[in-house]
Amino acid sequence: MSRFSVLNNIRNQIKNNLGKQFSTFNNNFNFQKNNIFQLNYKQPTHFNFFSSSSTTIKLNNYNNNYYNNKILNSNNNYNNNIKSNKMCDSKSYAKIVNPTLENLIEAGNKIKNGGLVAFPTETVYGLGANALDKDAVLSIFKAKGRPLTDPVIVHIIESEYALKLLKLTEKQQEIFKVLSDNFWPGPLTIVAKSSELIPMIVTAETGYVGVRYPNHPLAQQLIKHSGKPIAAPSANRFGHVSPTTANHVLDDLADSPITILNSINENNNNNNNNNDNTEVACKIGIESTVLKIVSDSELVILRRGGVSEKSLRSVINDKFKDSIQITAINKTVENTTSQGQEAPGQLLTHYAPDIQTFILDNILNNESDNNNNNNNNNNINSNNNNSLNLNECVYIDFGNQLPNELKSQCLAYKDLSENKNILEAANQLFAVLRWSENQEGAKIILLPDLRKEPFKSLDNSDAVFDRIFRAASGKQANLSTFNKKVLF
(Lines give C-alpha, C1' and ligand atoms only; values in the text may rest on other atoms or scores of the structure.)
Protein backbone atom coordinates (compact mmCIF):
# COMPACT_ATOMS: atom_id res chain seq x y z
CA MET A 1 0.00 0.00 0.00
CA SER A 2 1.36 3.46 -0.87
CA ARG A 3 2.06 6.08 1.77
CA PHE A 4 -1.00 8.01 0.56
CA SER A 5 -3.27 5.07 1.39
CA VAL A 6 -1.80 5.14 4.89
CA LEU A 7 -2.35 8.90 5.07
CA ASN A 8 -5.96 8.43 4.06
CA ASN A 9 -6.48 6.02 6.95
CA ILE A 10 -4.88 8.50 9.36
CA ARG A 11 -7.14 11.21 7.96
CA ASN A 12 -10.21 9.12 8.73
CA GLN A 13 -9.02 8.47 12.28
CA ILE A 14 -8.75 12.24 12.73
CA LYS A 15 -12.12 12.69 11.03
CA ASN A 16 -13.81 10.21 13.36
CA ASN A 17 -12.23 11.71 16.46
CA LEU A 18 -13.03 15.32 15.67
CA GLY A 19 -16.59 14.70 14.44
CA LYS A 20 -18.39 17.94 13.63
CA GLN A 21 -15.29 20.04 14.14
CA PHE A 22 -13.60 18.40 11.19
CA SER A 23 -14.27 20.05 7.83
CA THR A 24 -14.01 17.69 4.88
CA PHE A 25 -13.80 20.69 2.60
CA ASN A 26 -10.47 21.13 0.76
CA ASN A 27 -8.12 19.49 3.26
CA ASN A 28 -4.51 19.28 2.23
CA PHE A 29 -1.92 16.79 3.37
CA ASN A 30 1.63 17.73 4.13
CA PHE A 31 3.92 14.83 4.90
CA GLN A 32 7.05 16.44 6.29
CA LYS A 33 10.58 15.18 5.82
CA ASN A 34 10.75 14.10 9.48
CA ASN A 35 7.58 12.00 8.96
CA ILE A 36 5.42 14.21 11.16
CA PHE A 37 1.90 14.26 9.77
CA GLN A 38 0.17 17.63 9.63
CA LEU A 39 -3.29 18.55 8.41
CA ASN A 40 -3.44 22.09 7.09
CA TYR A 41 -6.23 23.99 5.42
CA LYS A 42 -5.12 25.73 2.28
CA GLN A 43 -5.63 29.45 1.73
CA PRO A 44 -4.91 29.76 -1.98
CA THR A 45 -4.74 33.54 -2.30
CA HIS A 46 -2.57 34.15 0.76
CA PHE A 47 -0.53 31.00 0.97
CA ASN A 48 2.79 30.99 2.81
CA PHE A 49 4.66 27.85 1.84
CA PHE A 50 6.62 27.71 5.08
CA SER A 51 3.76 28.57 7.42
CA SER A 52 2.53 25.88 9.81
CA SER A 53 -0.58 27.80 10.75
CA SER A 54 -4.02 26.52 9.79
CA THR A 55 -7.36 28.15 9.25
CA THR A 56 -10.71 26.55 9.96
CA ILE A 57 -12.94 26.83 6.93
CA LYS A 58 -16.65 27.35 7.61
CA LEU A 59 -19.12 25.88 5.18
CA ASN A 60 -22.32 27.71 4.41
CA ASN A 61 -25.40 26.73 6.45
CA TYR A 62 -26.65 24.36 3.78
CA ASN A 63 -23.38 22.48 3.63
CA ASN A 64 -22.96 22.49 7.41
CA ASN A 65 -26.39 21.01 7.98
CA TYR A 66 -25.94 18.43 5.25
CA TYR A 67 -22.51 17.32 6.41
CA ASN A 68 -23.39 17.29 10.10
CA ASN A 69 -26.62 15.36 9.64
CA LYS A 70 -25.79 13.14 6.69
CA ILE A 71 -22.03 12.66 6.69
CA LEU A 72 -20.20 13.36 9.92
CA ASN A 73 -22.87 11.81 12.14
CA SER A 74 -23.68 8.89 9.86
CA ASN A 75 -22.96 5.33 10.93
CA ASN A 76 -19.30 4.76 10.16
CA ASN A 77 -18.54 1.22 9.07
CA TYR A 78 -14.87 1.90 8.51
CA ASN A 79 -12.26 -0.08 10.39
CA ASN A 80 -9.84 2.53 11.73
CA ASN A 81 -6.90 0.17 12.05
CA ILE A 82 -4.10 1.23 9.74
CA LYS A 83 -3.32 -1.55 7.31
CA SER A 84 0.20 -2.06 6.04
CA ASN A 85 0.63 -4.39 3.08
CA LYS A 86 -2.68 -5.99 2.06
CA MET A 87 -6.19 -4.70 1.85
CA CYS A 88 -8.56 -6.00 4.51
CA ASP A 89 -11.12 -8.50 3.21
CA SER A 90 -13.91 -6.46 4.83
CA LYS A 91 -16.52 -5.10 2.47
CA SER A 92 -15.89 -1.70 4.03
CA TYR A 93 -12.69 -1.31 2.03
CA ALA A 94 -12.02 -0.62 -1.61
CA LYS A 95 -10.99 -3.46 -3.86
CA ILE A 96 -9.76 -3.68 -7.43
CA VAL A 97 -11.47 -6.27 -9.63
CA ASN A 98 -10.78 -7.37 -13.18
CA PRO A 99 -13.44 -6.46 -15.76
CA THR A 100 -14.89 -9.93 -16.25
CA LEU A 101 -18.53 -10.24 -17.25
CA GLU A 102 -19.36 -11.57 -13.79
CA ASN A 103 -17.67 -8.62 -12.08
CA LEU A 104 -19.31 -6.11 -14.42
CA ILE A 105 -22.75 -7.55 -13.67
CA GLU A 106 -21.98 -7.47 -9.94
CA ALA A 107 -20.74 -3.87 -10.20
CA GLY A 108 -23.88 -2.91 -12.10
CA ASN A 109 -26.03 -4.42 -9.36
CA LYS A 110 -24.01 -2.53 -6.77
CA ILE A 111 -24.82 0.75 -8.52
CA LYS A 112 -28.47 -0.25 -8.77
CA ASN A 113 -28.57 -0.95 -5.04
CA GLY A 114 -27.02 2.36 -3.99
CA GLY A 115 -23.32 1.40 -3.82
CA LEU A 116 -20.18 3.00 -5.23
CA VAL A 117 -18.12 1.77 -8.19
CA ALA A 118 -14.99 3.43 -9.60
CA PHE A 119 -14.63 2.95 -13.32
CA PRO A 120 -12.34 4.09 -16.15
CA THR A 121 -13.45 6.48 -18.85
CA GLU A 122 -11.51 7.93 -21.75
CA THR A 123 -10.83 11.03 -19.60
CA VAL A 124 -10.15 9.98 -15.97
CA TYR A 125 -11.47 7.42 -13.50
CA GLY A 126 -14.94 8.23 -12.17
CA LEU A 127 -16.53 7.42 -8.82
CA GLY A 128 -20.04 6.34 -9.74
CA ALA A 129 -23.42 6.01 -8.02
CA ASN A 130 -27.02 5.84 -9.16
CA ALA A 131 -27.74 9.40 -10.32
CA LEU A 132 -31.45 9.07 -9.49
CA ASP A 133 -30.81 8.09 -5.84
CA LYS A 134 -29.95 11.14 -3.72
CA ASP A 135 -28.58 9.05 -0.86
CA ALA A 136 -26.32 7.12 -3.22
CA VAL A 137 -25.07 10.39 -4.70
CA LEU A 138 -24.48 11.72 -1.19
CA SER A 139 -22.15 8.78 -0.54
CA ILE A 140 -19.93 10.08 -3.36
CA PHE A 141 -19.50 13.37 -1.51
CA LYS A 142 -18.79 11.49 1.72
CA ALA A 143 -16.13 9.23 0.18
CA LYS A 144 -14.34 12.10 -1.55
CA GLY A 145 -14.73 14.78 1.12
CA ARG A 146 -16.36 16.84 -1.62
CA PRO A 147 -18.30 20.03 -0.84
CA LEU A 148 -21.94 19.99 -1.88
CA THR A 149 -21.35 23.20 -3.85
CA ASP A 150 -19.54 21.15 -6.50
CA PRO A 151 -21.91 19.35 -8.92
CA VAL A 152 -21.40 15.89 -10.39
CA ILE A 153 -21.76 14.85 -14.02
CA VAL A 154 -24.32 12.22 -15.06
CA HIS A 155 -23.11 9.50 -17.43
CA ILE A 156 -25.48 7.82 -19.89
CA ILE A 157 -25.25 5.57 -22.98
CA GLU A 158 -28.26 6.78 -24.96
CA SER A 159 -28.67 10.31 -26.28
CA GLU A 160 -32.45 9.95 -26.29
CA TYR A 161 -32.46 9.02 -22.62
CA ALA A 162 -30.30 12.05 -21.82
CA LEU A 163 -33.13 14.25 -23.08
CA LYS A 164 -35.33 12.88 -20.28
CA LEU A 165 -32.87 14.31 -17.76
CA LEU A 166 -32.94 17.81 -19.29
CA LYS A 167 -35.45 20.59 -19.91
CA LEU A 168 -34.84 21.92 -23.39
CA THR A 169 -36.72 24.09 -25.82
CA GLU A 170 -37.25 22.82 -29.37
CA LYS A 171 -34.29 24.87 -30.58
CA GLN A 172 -32.12 23.67 -27.69
CA GLN A 173 -33.01 20.08 -28.55
CA GLU A 174 -31.73 20.76 -32.06
CA ILE A 175 -28.49 22.13 -30.61
CA PHE A 176 -28.23 19.13 -28.30
CA LYS A 177 -28.67 16.72 -31.23
CA VAL A 178 -25.91 18.41 -33.25
CA LEU A 179 -23.53 18.27 -30.29
CA SER A 180 -24.34 14.66 -29.35
CA ASP A 181 -24.21 13.45 -32.96
CA ASN A 182 -20.75 14.96 -33.43
CA PHE A 183 -19.08 14.47 -30.05
CA TRP A 184 -20.76 11.47 -28.36
CA PRO A 185 -19.60 9.12 -27.21
CA GLY A 186 -16.72 11.31 -26.14
CA PRO A 187 -15.29 13.88 -23.71
CA LEU A 188 -18.05 16.49 -23.96
CA THR A 189 -20.42 17.23 -21.08
CA ILE A 190 -23.57 19.14 -22.02
CA VAL A 191 -25.10 21.28 -19.27
CA ALA A 192 -28.74 22.39 -19.31
CA LYS A 193 -31.70 22.80 -16.95
CA SER A 194 -32.35 19.54 -15.15
CA SER A 195 -35.63 17.64 -15.21
CA GLU A 196 -37.50 16.51 -12.10
CA LEU A 197 -35.76 13.13 -12.36
CA ILE A 198 -32.44 14.59 -11.19
CA PRO A 199 -31.97 15.08 -7.42
CA MET A 200 -30.88 18.61 -6.54
CA ILE A 201 -27.74 17.32 -4.82
CA VAL A 202 -26.46 16.31 -8.28
CA THR A 203 -26.80 19.92 -9.48
CA ALA A 204 -25.29 21.61 -6.39
CA GLU A 205 -28.73 23.18 -5.94
CA THR A 206 -28.35 25.17 -9.18
CA GLY A 207 -31.02 23.34 -11.17
CA TYR A 208 -28.52 22.68 -13.99
CA VAL A 209 -27.07 19.27 -14.73
CA GLY A 210 -24.25 18.05 -16.94
CA VAL A 211 -24.67 14.84 -18.96
CA ARG A 212 -22.26 12.93 -21.14
CA TYR A 213 -21.83 9.66 -23.01
CA PRO A 214 -18.37 8.27 -22.16
CA ASN A 215 -16.27 6.68 -24.88
CA HIS A 216 -14.89 3.74 -22.91
CA PRO A 217 -16.16 0.14 -23.15
CA LEU A 218 -16.05 -0.52 -19.40
CA ALA A 219 -17.92 2.68 -18.55
CA GLN A 220 -20.55 1.81 -21.14
CA GLN A 221 -20.88 -1.77 -19.88
CA LEU A 222 -21.22 -0.60 -16.28
CA ILE A 223 -24.03 1.78 -17.20
CA LYS A 224 -25.70 -0.95 -19.24
CA HIS A 225 -25.57 -3.54 -16.45
CA SER A 226 -26.74 -1.05 -13.82
CA GLY A 227 -29.69 0.10 -15.90
CA LYS A 228 -29.22 3.53 -14.34
CA PRO A 229 -27.65 6.87 -15.28
CA ILE A 230 -24.45 7.10 -13.24
CA ALA A 231 -23.41 10.28 -11.42
CA ALA A 232 -19.63 10.38 -11.23
CA PRO A 233 -16.96 12.95 -10.46
CA SER A 234 -13.30 11.93 -10.54
CA ALA A 235 -12.50 9.04 -8.19
CA ASN A 236 -10.04 10.78 -5.89
CA ARG A 237 -9.78 12.81 -2.71
CA PHE A 238 -11.44 16.12 -3.41
CA GLY A 239 -8.92 18.63 -4.74
CA HIS A 240 -6.20 16.03 -5.28
CA VAL A 241 -4.72 15.01 -8.64
CA SER A 242 -7.29 13.23 -10.79
CA PRO A 243 -6.81 9.44 -11.12
CA THR A 244 -6.04 7.73 -14.40
CA THR A 245 -5.41 4.19 -13.10
CA ALA A 246 -7.13 1.85 -10.68
CA ASN A 247 -4.18 2.13 -8.31
CA HIS A 248 -4.55 5.91 -8.21
CA VAL A 249 -8.11 5.40 -6.98
CA LEU A 250 -6.95 2.89 -4.38
CA ASP A 251 -4.28 5.29 -3.15
CA ASP A 252 -6.87 7.98 -2.48
CA LEU A 253 -10.00 6.07 -1.50
CA ALA A 254 -8.78 2.79 -0.04
CA ASP A 255 -10.82 3.22 3.12
CA SER A 256 -14.19 3.52 1.35
CA PRO A 257 -16.47 0.62 0.33
CA ILE A 258 -15.76 0.97 -3.38
CA THR A 259 -15.46 -1.60 -6.14
CA ILE A 260 -12.73 -0.42 -8.54
CA LEU A 261 -12.88 -1.76 -12.09
CA ASN A 262 -9.40 -2.39 -13.40
CA SER A 263 -8.96 -0.99 -16.88
CA ILE A 264 -8.30 -3.13 -19.92
CA ASN A 265 -5.08 -1.24 -20.60
CA GLU A 266 -3.84 -1.79 -17.05
CA ASN A 267 -4.43 -5.53 -17.33
CA ASN A 268 -2.42 -5.58 -20.54
CA ASN A 269 0.31 -3.47 -18.98
CA ASN A 270 0.68 -5.90 -16.09
CA ASN A 271 1.90 -8.46 -18.60
CA ASN A 272 4.27 -6.02 -20.26
CA ASN A 273 7.85 -6.15 -19.03
CA ASN A 274 8.51 -2.74 -20.55
CA ASN A 275 5.68 -1.07 -18.64
CA ASP A 276 6.28 2.64 -18.05
CA ASN A 277 5.23 3.79 -14.59
CA THR A 278 3.66 6.91 -16.08
CA GLU A 279 1.55 5.04 -18.65
CA VAL A 280 -2.11 5.72 -17.98
CA ALA A 281 -5.28 3.75 -18.60
CA CYS A 282 -7.43 6.70 -19.68
CA LYS A 283 -6.65 7.62 -23.28
CA ILE A 284 -7.29 11.37 -23.07
CA GLY A 285 -6.09 11.88 -19.51
CA ILE A 286 -7.87 15.13 -18.59
CA GLU A 287 -11.53 15.71 -17.85
CA SER A 288 -14.29 16.42 -20.35
CA THR A 289 -15.11 19.80 -21.81
CA VAL A 290 -18.21 21.24 -20.13
CA LEU A 291 -20.53 23.20 -22.44
CA LYS A 292 -23.68 24.92 -21.16
CA ILE A 293 -26.74 25.53 -23.32
CA VAL A 294 -27.66 28.96 -21.97
CA SER A 295 -30.42 29.80 -24.42
CA ASP A 296 -31.58 29.16 -27.98
CA SER A 297 -28.74 31.35 -29.24
CA GLU A 298 -25.95 31.12 -26.65
CA LEU A 299 -23.49 28.45 -25.55
CA VAL A 300 -20.82 28.88 -22.87
CA ILE A 301 -17.75 26.71 -22.30
CA LEU A 302 -17.62 26.38 -18.51
CA ARG A 303 -14.59 24.09 -18.44
CA ARG A 304 -12.05 23.30 -21.12
CA GLY A 305 -11.24 19.65 -21.60
CA GLY A 306 -11.01 16.77 -24.03
CA VAL A 307 -12.92 18.53 -26.86
CA SER A 308 -11.21 21.68 -28.06
CA GLU A 309 -12.92 25.04 -28.39
CA LYS A 310 -11.87 25.05 -32.04
CA SER A 311 -13.72 21.78 -32.68
CA LEU A 312 -16.87 23.01 -30.97
CA ARG A 313 -16.91 26.26 -32.93
CA SER A 314 -16.36 24.43 -36.19
CA VAL A 315 -19.34 22.10 -35.69
CA ILE A 316 -21.73 24.76 -34.36
CA ASN A 317 -20.81 27.35 -36.98
CA ASP A 318 -21.08 24.80 -39.76
CA LYS A 319 -24.62 23.91 -38.73
CA PHE A 320 -26.02 27.17 -37.36
CA LYS A 321 -23.76 29.75 -39.07
CA ASP A 322 -23.73 32.92 -36.95
CA SER A 323 -27.05 32.35 -35.18
CA ILE A 324 -25.45 30.83 -32.07
CA GLN A 325 -22.81 32.58 -30.02
CA ILE A 326 -20.11 30.55 -28.23
CA THR A 327 -18.07 32.08 -25.41
CA ALA A 328 -15.48 30.53 -23.11
CA ILE A 329 -14.89 31.61 -19.54
CA ASN A 330 -11.89 31.17 -17.28
CA LYS A 331 -13.57 31.01 -13.91
CA THR A 332 -11.61 30.67 -10.66
CA VAL A 333 -13.70 30.32 -7.53
CA GLU A 334 -12.29 30.53 -4.02
CA ASN A 335 -12.28 27.15 -2.30
CA THR A 336 -14.27 28.62 0.58
CA THR A 337 -17.21 29.51 -1.66
CA SER A 338 -20.74 28.81 -0.42
CA GLN A 339 -22.25 29.21 -3.86
CA GLY A 340 -23.23 26.17 -5.89
CA GLN A 341 -21.37 25.82 -9.19
CA GLU A 342 -22.89 24.83 -12.52
CA ALA A 343 -19.81 22.81 -13.51
CA PRO A 344 -17.03 20.98 -11.69
CA GLY A 345 -13.42 22.12 -11.94
CA GLN A 346 -14.09 25.79 -11.16
CA LEU A 347 -12.14 26.12 -7.91
CA LEU A 348 -8.80 27.93 -7.78
CA THR A 349 -7.12 24.97 -6.12
CA HIS A 350 -7.87 21.70 -7.87
CA TYR A 351 -5.99 18.72 -9.35
CA ALA A 352 -3.36 19.55 -6.72
CA PRO A 353 -0.42 17.35 -5.63
CA ASP A 354 0.26 16.84 -1.93
CA ILE A 355 3.37 19.04 -2.05
CA GLN A 356 3.44 22.68 -3.06
CA THR A 357 3.36 23.34 -6.79
CA PHE A 358 4.32 26.39 -8.85
CA ILE A 359 4.20 27.49 -12.48
CA LEU A 360 7.62 28.43 -13.83
CA ASP A 361 7.51 32.10 -14.83
CA ASN A 362 11.08 32.90 -15.85
CA ILE A 363 14.55 31.41 -15.90
CA LEU A 364 16.95 34.03 -14.49
CA ASN A 365 20.42 33.80 -15.99
CA ASN A 366 22.54 36.20 -13.93
CA GLU A 367 22.91 37.76 -10.48
CA SER A 368 21.29 41.03 -11.59
CA ASP A 369 18.12 39.20 -12.67
CA ASN A 370 18.12 37.36 -9.37
CA ASN A 371 18.35 40.59 -7.35
CA ASN A 372 15.60 42.23 -9.39
CA ASN A 373 13.37 39.25 -8.70
CA ASN A 374 14.02 39.52 -4.97
CA ASN A 375 13.26 43.24 -4.94
CA ASN A 376 9.91 42.62 -6.63
CA ASN A 377 8.94 39.63 -4.49
CA ASN A 378 6.20 40.46 -1.99
CA ASN A 379 6.71 37.20 -0.09
CA ILE A 380 10.20 38.00 1.15
CA ASN A 381 10.77 37.62 4.87
CA SER A 382 13.74 38.09 7.14
CA ASN A 383 14.51 34.35 7.20
CA ASN A 384 15.02 34.27 3.41
CA ASN A 385 12.42 31.54 3.17
CA ASN A 386 11.40 32.59 -0.32
CA SER A 387 13.67 30.13 -2.12
CA LEU A 388 14.61 26.46 -2.26
CA ASN A 389 17.51 24.62 -3.83
CA LEU A 390 16.90 23.16 -7.25
CA ASN A 391 17.87 19.73 -5.91
CA GLU A 392 14.72 19.82 -3.76
CA CYS A 393 12.52 20.40 -6.80
CA VAL A 394 10.72 18.09 -9.22
CA TYR A 395 10.71 19.75 -12.64
CA ILE A 396 7.97 18.87 -15.13
CA ASP A 397 8.87 20.15 -18.59
CA PHE A 398 7.10 20.48 -21.92
CA GLY A 399 8.91 20.59 -25.23
CA ASN A 400 12.39 20.11 -23.73
CA GLN A 401 12.63 23.72 -22.54
CA LEU A 402 14.90 23.31 -19.52
CA PRO A 403 18.61 23.60 -20.40
CA ASN A 404 20.38 20.24 -20.20
CA GLU A 405 22.85 21.45 -17.58
CA LEU A 406 19.96 22.18 -15.20
CA LYS A 407 18.12 18.89 -15.66
CA SER A 408 20.71 16.99 -13.65
CA GLN A 409 20.49 19.61 -10.89
CA CYS A 410 16.82 18.83 -10.23
CA LEU A 411 15.79 16.20 -7.72
CA ALA A 412 13.74 14.61 -10.52
CA TYR A 413 12.82 15.58 -14.07
CA LYS A 414 10.19 14.50 -16.60
CA ASP A 415 8.99 15.96 -19.88
CA LEU A 416 5.26 15.73 -20.65
CA SER A 417 6.09 15.70 -24.35
CA GLU A 418 9.50 16.40 -25.83
CA ASN A 419 7.82 16.82 -29.22
CA LYS A 420 5.38 19.49 -27.93
CA ASN A 421 2.41 17.18 -28.49
CA ILE A 422 -0.53 18.50 -26.44
CA LEU A 423 -2.43 15.20 -26.67
CA GLU A 424 0.56 13.37 -25.22
CA ALA A 425 0.94 16.01 -22.48
CA ALA A 426 -2.73 15.72 -21.54
CA ASN A 427 -2.45 11.94 -21.42
CA GLN A 428 0.57 12.08 -19.10
CA LEU A 429 -0.13 15.11 -16.88
CA PHE A 430 -2.01 13.58 -13.94
CA ALA A 431 0.13 10.43 -13.81
CA VAL A 432 3.29 12.55 -13.79
CA LEU A 433 1.92 14.83 -11.05
CA ARG A 434 1.28 11.78 -8.88
CA TRP A 435 4.75 10.46 -9.68
CA SER A 436 6.20 13.85 -8.69
CA GLU A 437 4.57 14.01 -5.26
CA ASN A 438 6.01 10.56 -4.47
CA GLN A 439 9.63 11.58 -5.07
CA GLU A 440 11.44 11.23 -1.75
CA GLY A 441 12.85 14.55 -0.56
CA ALA A 442 10.74 16.64 -2.95
CA LYS A 443 9.55 19.95 -1.50
CA ILE A 444 8.09 21.62 -4.58
CA ILE A 445 6.98 20.84 -8.13
CA LEU A 446 7.60 23.22 -11.03
CA LEU A 447 5.20 23.13 -13.99
CA PRO A 448 5.47 24.62 -17.49
CA ASP A 449 3.62 27.79 -18.46
CA LEU A 450 1.67 26.92 -21.61
CA ARG A 451 0.35 30.48 -21.94
CA LYS A 452 3.62 31.48 -23.56
CA GLU A 453 4.57 31.08 -27.18
CA PRO A 454 5.08 28.80 -28.95
CA PHE A 455 2.75 26.76 -26.74
CA LYS A 456 -0.37 28.94 -26.51
CA SER A 457 -1.10 28.55 -30.21
CA LEU A 458 -1.25 24.75 -29.93
CA ASP A 459 -4.81 23.45 -30.23
CA ASN A 460 -6.31 22.73 -26.79
CA SER A 461 -3.19 23.76 -24.88
CA ASP A 462 -5.52 25.94 -22.80
CA ALA A 463 -7.28 22.82 -21.47
CA VAL A 464 -3.99 21.31 -20.27
CA PHE A 465 -2.86 24.62 -18.79
CA ASP A 466 -6.16 24.96 -16.93
CA ARG A 467 -5.16 21.85 -14.93
CA ILE A 468 -1.64 23.15 -14.45
CA PHE A 469 -2.90 26.54 -13.23
CA ARG A 470 -5.28 25.02 -10.67
CA ALA A 471 -2.74 22.40 -9.54
CA ALA A 472 -0.51 25.34 -8.59
CA SER A 473 -3.37 27.55 -7.33
CA GLY A 474 -2.04 30.06 -9.85
CA LYS A 475 1.24 30.48 -7.92
CA GLN A 476 4.37 31.29 -9.92
CA ALA A 477 8.08 30.93 -9.28
CA ASN A 478 11.34 31.77 -11.02
CA LEU A 479 14.40 29.61 -11.52
CA SER A 480 17.84 31.13 -10.97
CA THR A 481 20.68 29.57 -12.93
CA PHE A 482 23.10 31.79 -10.96
CA ASN A 483 22.60 30.05 -7.61
CA LYS A 484 20.56 26.99 -8.67
CA LYS A 485 17.54 28.05 -6.65
CA VAL A 486 13.79 28.26 -7.14
CA LEU A 487 12.56 31.73 -6.13
CA PHE A 488 8.99 32.34 -5.01
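This is a short walk through one predicted model, from the overall chain down to single residues.

I'll start with the whole chain. The protein chain has 488 residues, and 55% of them count as buried. Its secondary structure comes to 14 helices and 21 strands. As for the contacts, take those with a sequence separation of 6 or more: 70% of them are between residues 24 or more positions apart.

Next, the nonpolar cores. The largest nonpolar core holds 57 residues. Which of its members touch the most other members? Those are L127, V154, F176, L179, W184, L188 and I260. The element that gives the most to this core is helix α4, residues 134-144, with six residues. There is another core apart from this one, with 29 residues, including Y351, I359, A426 and L433. As background, nonpolar side chains in soluble globular proteins tend to be buried together.

V154 is worth a moment. Setting aside residues up to four places away in sequence, V154 touches A131, L165, I198, V202, V209, G210, V211 and R212, and also P229, I230 and A231.

Now a helix pair. Helix α3, residues 101-112, packs with helix α7, residues 217-226. How far apart are their axes, and at what angle do they pack? The axes are 7 Å apart and the angle is about 55 degrees. The two helices are therefore oblique to each other. The crossing of α3 and α7 is right-handed. On the α3 side the contact is made by L101, L104, I105, A107, G108, I111 and K112, and on the α7 side by L218, Q221, L222, H225 and S226. Sorted by class, that contact has seven nonpolar residues, four polar and one charged.

From there I go to the loop between α6 and β8. Helix α6 covers 170-183 and strand β8 covers 188-194, and G186 lies in the loop between them. P185 is found in that loop as well. The peptide bond that joins W184 and P185 is cis, with omega about -10 degrees. W184 has come up already, as one of the residues of the largest core that touch the most other members.

Is G186 buried or exposed? Its relative accessibility is 1%, so G186 counts as buried. Leaving out neighbours within four places in sequence, G186 is in contact with E122, R212, Y213, P214 and N215. R212 is also among the residues touched by V154. One further pair here is G186 and V307, which are 121 residues apart in sequence, while their C-alpha atoms are 8.2 Å apart in space.

On to helix α13, residues 422-437, where R434 has its place. R434 has a relative accessibility of 4% and therefore counts as buried. What does this arginine touch? Not counting residues up to four places away, R434 touches N236, H240, V241, S242, P243, H248, D251 and D252.

Then helix α14, residues 461-471, which contains F469. F469 is partly exposed, at a relative accessible area of 23%. Its contacts, again leaving aside neighbours within four places in sequence, are T332, L348, I359, R451 and G474. I359 in that list is one of the members of the 29-residue core. F469 and L447 are 22 residues apart along the chain, and their C-alpha atoms are separated by 8.8 Å.

The peptide bond from E453 to P454 is cis, with omega near 10 degrees. N460 is found in the loop between β19 and α14 too. N460 is not a glycine, but its phi is positive, about 70 degrees. N460 is buried, with a relative accessible area of 13%.

Last, Y351. Where is it? Y351 is in the loop between β14, residues 325-328, and β15, residues 356-364. Phi of Y351 is near 55 degrees, a positive value in a residue other than glycine. Y351 is buried, with a relative accessible area of 1%. And Y351 takes us back to the cores, being among the members of the 29-residue one.

That is the end of the tour.

Note on methods:
Residues are numbered from 1 along each chain as its sequence is written. This is a predicted model: local features need pLDDT of at least 70, side-chain atom pairs count only at pLDDT 80 or more; totals for chains, interfaces and linings use all residues. Side-chain values use heavy atoms; hydrogens and water are left out. Axes are lines fitted to C-alpha atoms, for helices over the stretch in contact, and angles run from 0 to 180 degrees between N-to-C directions. Helices (H or I, at least four residues) and strands (E, at least two) are DSSP runs, numbered from the N terminus. Angles under 35 degrees count as roughly parallel, over 145 as roughly antiparallel, 65 to 115 as roughly perpendicular and the rest as oblique. A crossing is left-handed if the near helix is turned anticlockwise from the far one by less than a right angle, and right-handed if clockwise. Contact means heavy atoms within 4.5 Å. Ala, Val, Leu, Ile, Met, Phe, Trp, Tyr, Cys and Pro count as nonpolar, Asp, Glu, Lys and Arg as charged, and the others, Gly among them, as polar. A nonpolar core is a set of buried Ala, Val, Leu, Ile, Met, Phe, Trp, Tyr and Cys residues joined through side-chain atoms within 4.5 Å. Buried means under 20% relative accessible area, exposed over 50%, partly exposed in between (1.4 Å probe, protein chains only).
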